[in-house]
Amino acid sequence: ASTAKAPQAENKTGQSPMRNYDQLTAKDLVTRVQKLSAPQVTAVLDYERARKKRATVIRAAEQRLAAAS
């Protein structure tokens, strides 16, 4: 139905926000988050908060969003 915002829509269906997300280390994700768009970072943040709850990834995503605004 709503495919315009793919990263957020995918997250709400329970799918990971990027390919092989669950295999990536926190260090890998912290690096990748810096290169993502705000909607993609939001999807990562939501997914991480709901599942793995890694503080370093959450903090990096929050900082990236703060820097983008």
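1. Tyr 47 has its place in helix α3; helices here are DSSP runs of H or I with at least four residues, strands are runs of E with at least two, and both are numbered from the N terminus. With a relative accessible area of 4%, Tyr 47 is buried. The cut-offs are under 20% relative accessible area for buried, over 50% for exposed, and partly exposed in between, with a 1.4 Å probe and protein chains only. Tyr 47 and Ile 58 are 11 residues apart in sequence, and their C-alpha atoms are 9.7 Å apart in space.

2. On the basis of the note: this is a predicted model, in which local features need pLDDT of at least 70, side-chain atom pairs count only at pLDDT 80 or more, and totals for chains, interfaces and linings use all residues. Residues are numbered from 1 along each chain as its sequence is written, and side-chain values use heavy atoms, with hydrogens and water left out.

3. The protein has 4 helices and 0 strands, and the pattern along the sequence reads α-α-α-α. Of its 69 residues, 30% count as buried. The protein exposes about 4,500 Å², and carbon and sulfur atoms supply 50% of that area; accessible areas come from the Shrake-Rupley method with a 1.4 Å probe, and for residues only the protein chains shown count as cover. Among contacts between residues at least 6 apart in sequence, 60% join residues at least 24 apart, where contact means heavy atoms within 4.5 Å.

4. How do helices α3 and α4 cross, and at what angle? The axes of α3 (residues 38-50) and α4 (residues 55-68) come within 9 Å and cross at roughly 155°. That makes α3 roughly antiparallel to α4. Axes are lines fitted to C-alpha atoms, for helices over the stretch in contact, and angles run from 0 to 180 degrees between N-to-C directions. Angles under 35 degrees count as roughly parallel, over 145 as roughly antiparallel, 65 to 115 as roughly perpendicular, and the rest as oblique. The crossing of α3 and α4 is left-handed, a term for a near helix turned anticlockwise from the far one by less than a right angle, with clockwise being right-handed.

5. In this pairing, Ala 38, Val 41, Thr 42, Val 44, Leu 45, Glu 48 and Arg 49 of α3 meet Val 57, Ile 58, Ala 61, Glu 62, Arg 64 and Leu 65 of α4. The residues of the contact divide into 8 nonpolar, 1 polar and 4 charged. Ala, Val, Leu, Ile, Met, Phe, Trp, Tyr, Cys and Pro count as nonpolar, Asp, Glu, Lys and Arg as charged, and the others, Gly among them, as polar.

6. Helix α4 also pairs with α2 (residues 26-33): their axes come within 9 Å and cross at roughly 5°. The two are therefore roughly parallel to each other. Ala 26, Leu 29, Val 30 and Val 33 of α2 make the contact with Thr 56, Val 57, Ala 60, Ala 61 and Arg 64 of α4. The residues of the contact of α2 with α4 divide into 7 nonpolar, 1 polar and 1 charged.

7. Leaving out residues up to four places away in sequence, Glu 48 touches Tyr 21, Leu 29, Lys 53, Arg 54, Val 57 and Ile 58.

8. Arg 59 lies in helix α4 and is partly exposed, with a relative accessible area of 45%. Arg 59 and Leu 45 are 14 residues apart in sequence and 8.9 Å apart in space, C-alpha to C-alpha.

9. Two loop residues have backbone angles to check. Most residues other than glycine have a negative phi. Phi of Asn 20 is near 60°, a positive value; Asn 20 lies in the loop between α1 and α2 and is partly exposed at 46% relative accessible area. Phi of Lys 53 is likewise near 60°. Lys 53 is in the loop between α3 and α4 and counts as exposed, at 52% relative accessibility.

10. Asp 22 is also placed in the loop between α1 (6-12) and α2. At 35% relative accessibility, Asp 22 counts as partly exposed. Asp 22 touches Tyr 47 and Lys 52, not counting residues up to four places away in sequence. Asp 22 and Arg 51 are 29 residues apart in sequence but 9.7 Å apart in space, C-alpha to C-alpha.
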